[in-house]
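Have the model open as you read.

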Amino acid sequence: MWALSALLDPLESQAAILPQAPAPFEPPAAGSNSPTKLTGAFVSAARGGIKTNWVIAMPPGQIGLLRPVIALHGKDGNAKMMLDCGVEKGLAQLVKDGKAPFAVVGVDGGSDSYWHRRADGTDSGAMVLEELLPMLSSMGFDTSRVGFMGWSMGGYGALRLGAKLGPSRTAGICAISPALYTSYTGSAPGAFDSYDDWVQNSVMGLPALSQIPLRVDCGTGDRFYFATRQFVNQLKTPPAGSFSAGGHDIDYWRAQLPGELAWMAS
């Protein structure tokens, strides 16, 4: 089922990857001075049998089991988006500051999947919950409780998948500039297949999101600001995070990341 590459970076190489069972995870040696990164790929049945790349970023010098935070990319993004936002440097700073270490896992979900089942039968959300998490467990990561974070389309996906996994297994959700819509007609083309699809996959009013620690960050100049404000206002418990000056862009996301990772560590 799984197709991994221990020697090649599948995000940069077009070489064929032979199917094999995931190798047990071997933590980096204590005292390492640089962040550690693992890359690989598997063939996802949930995504229609296509190669799905993953990236795991870990803080340096960790010798114990790590819990993963699943990082979901935005529209037209890929598994590397969390690296572009500065996750490696952020994880290194966390352990330097004495915070609890964890791993951050990026995975390809498709350019506009919106992390839910689509009319063509593909389901990037199911890929995360039913394929990626078991793979991480087989590699030695502690998936008894996991975190979710995501940007834009991935922020919406983090809320949806964290709620779907449930309070007993979701330690926390950090939604950054989440792509939320107050109506189906106002949603981006391709985000949902129909009005019913939008209704069935809405994160508004989900009971689980009132039982899971949440952080929501969104710029006041972001096109999703008003829908995100509406989402926050309907929560029973105000989430962590803030609405501050900024737009829907990488500069805002990089600026918010240190605080978000520290919140995840807590």
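Predicted model: local features only at pLDDT ≥ 70, side-chain atom pairs only at ≥ 80, totals over all residues.

Residues are numbered from 1 along each chain as its sequence is written, and side-chain values use heavy atoms, with hydrogens and water left out.

Start with the overall layout: eight strands form an open sheet of mixed pairing, in the order β1-β2-β4-β3-β5-β6-β7-β8. Strands here are DSSP runs of E with at least two residues, helices are runs of H or I with at least four, and both are numbered from the N terminus; two strands pair if DSSP finds at least two bridges between them. β1 (36-44) and β8 each have a single partner strand, so one side of each is left without a neighbour in the sheet.

Now look at β7, residues 214-219. Six of its six residues are buried, meaning under 20% relative accessible area with a 1.4 Å probe, protein chains only. In a regular strand the side chains alternate between the two faces of the sheet. Here L214, V216 and C218 lie on one side and R215, D217 and G219 on the other.

On one flank, β6 (residues 170-176) pairs with β7 in the parallel sense over four bridges, and C174 stands opposite R215. β8 (residues 243-244) is also a parallel partner of β7, over two bridges, with C218 opposite F243.

How values were computed
Buried < 20%, exposed > 50% of the residue type's maximum accessible area, 1.4 Å probe, protein only.
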